[in-house]
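Have the coordinates open as you read.

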Amino acid sequence: HQKSVFEYAGKPIIEDIFTGYNGTIFAYGQTGSGKTHTMQGPSMQDPVEQGIIPRSIHGIFERIYKTDEHIEFTVQVSYVEIYLERVRDLLDPKKHNLSIREHPTRGVYVEGMSEEYVTSPAEMFYFLDLGAQNRATSATGMNEGSSRSRSVFVVAITQKDTQEGTSRRGNLYLVDLAGSEMVRKTGASGQQLEEAKMINKSLSALGNVINALTDSSGRTTHIPYRNSKLTRMLQESLGGNARTALIICCSPSSYNAPEILSTLRFGNRDRKSVV
């Protein structure tokens, strides 16, 4: 199942990155519905059980190794979390509350975000593990290990054709969203309640951006990227020359039927690629 999900939702986006597109892969759903299982897998190293992120890492380097020798590649990775609408660098935790800027040539970027060069899957896994150790986690009434932040693992691939003298760049964003469950079911209060409110606001902003981008009526002229740090950061990977996959994760429990329906409705609005 993990392989088939990657083949359908992840592999085509990996291929598009090498043609100069930006790409984003989301996992969306309530806590305990399988987002982390889908994005990471029970084991990042198990070739059968590993999820979208490790398969994407291997897929990127397999694609590089098969490319003609006159194409030179540089690969950089970054890892940030968005917690209470503040951006923190997971590769250098001293960098917190980072600003999102826009440059005429560079485009939208996180100012001061670490960008580490990698030359192999092993090096990329190292930075992924380093970031994961720094990621904020908090207990809720539904899952004691649930993360209350959104994490974004960024892979920037630059390729230069030494024969033609041309170059192109594509960014891949691998996003693990925080749980979308109803607040009343989590038993959250105080700080956790504020986390839940901010998470729901951010998820709503993401839904509004996707809805505006996929509006076929032609009436939508404004895309509300600036309504959340997540959509602002992903602006150039949601609209324009971009490919987006939204993987919908649903709980099998009837107790969670309202959240399942809400999750499916959210996914139905994204007509680009929904699993």
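## Cavities, strands and a glutamine

Strand β8 gives the most to the lining of the largest cavity, supplying three residues. Keep in mind that this is a predicted model. Both β7 (150-161) and β8 (166-176) put at least two residues each into that lining. The largest cavity holds about 50 Å³ of space, and the structure has three cavities of 30 Å³ or more.

Who lines the largest cavity? The residues are Met-39, Gln-40, Ile-53, Tyr-79, Arg-135, Ser-151, Phe-153, Leu-174, Val-175 and Asp-176. By class, that lining splits into six nonpolar, two polar and two charged residues.

Here are the strands that come up in this report:

| Strand | Residues |
|---|---|
| β1 | 22-28 |
| β2 | 71-83 |
| β7 | 150-161 |
| β8 | 166-176 |
| β9 | 242-248 |

Now for the strand pair. β1 and β9 run in the parallel sense, paired over seven bridges. Strand β9 is mostly covered, with six of its seven residues buried.

Last stop: Gln-76, which is found in strand β2. Is Gln-76 buried or exposed? Its relative accessibility is 11%, so Gln-76 counts as buried, the cut-off being under 20%. Setting aside neighbours within four places in sequence, Gln-76 is in contact with Glu-115, Glu-116, Tyr-117, Val-154, Val-155, Ala-156 and Arg-169.

How values were computed. Residues are numbered from 1 along each chain as its sequence is written. This is a predicted model: local features need pLDDT of at least 70, side-chain atom pairs count only at pLDDT 80 or more; totals for chains, interfaces and linings use all residues. Side-chain values use heavy atoms; hydrogens and water are left out. Buried means under 20% relative accessible area, exposed over 50%, partly exposed in between (1.4 Å probe, protein chains only). Helices (H or I, at least four residues) and strands (E, at least two) are DSSP runs, numbered from the N terminus. Two strands pair if DSSP finds at least two bridges between them. On a 1 Å grid over the protein atoms alone, a cavity is a set of points where a 1.4 Å probe fits but cannot get out, and a pocket is an open set with protein on both sides within 12 Å along at least five of seven lines; lining residues have an atom within 4 Å of a point. Grid points are joined across faces, edges and corners, and a volume is the space filled by probe spheres set on the points. Ala, Val, Leu, Ile, Met, Phe, Trp, Tyr, Cys and Pro count as nonpolar, Asp, Glu, Lys and Arg as charged, and the others, Gly among them, as polar. Contact means heavy atoms within 4.5 Å.
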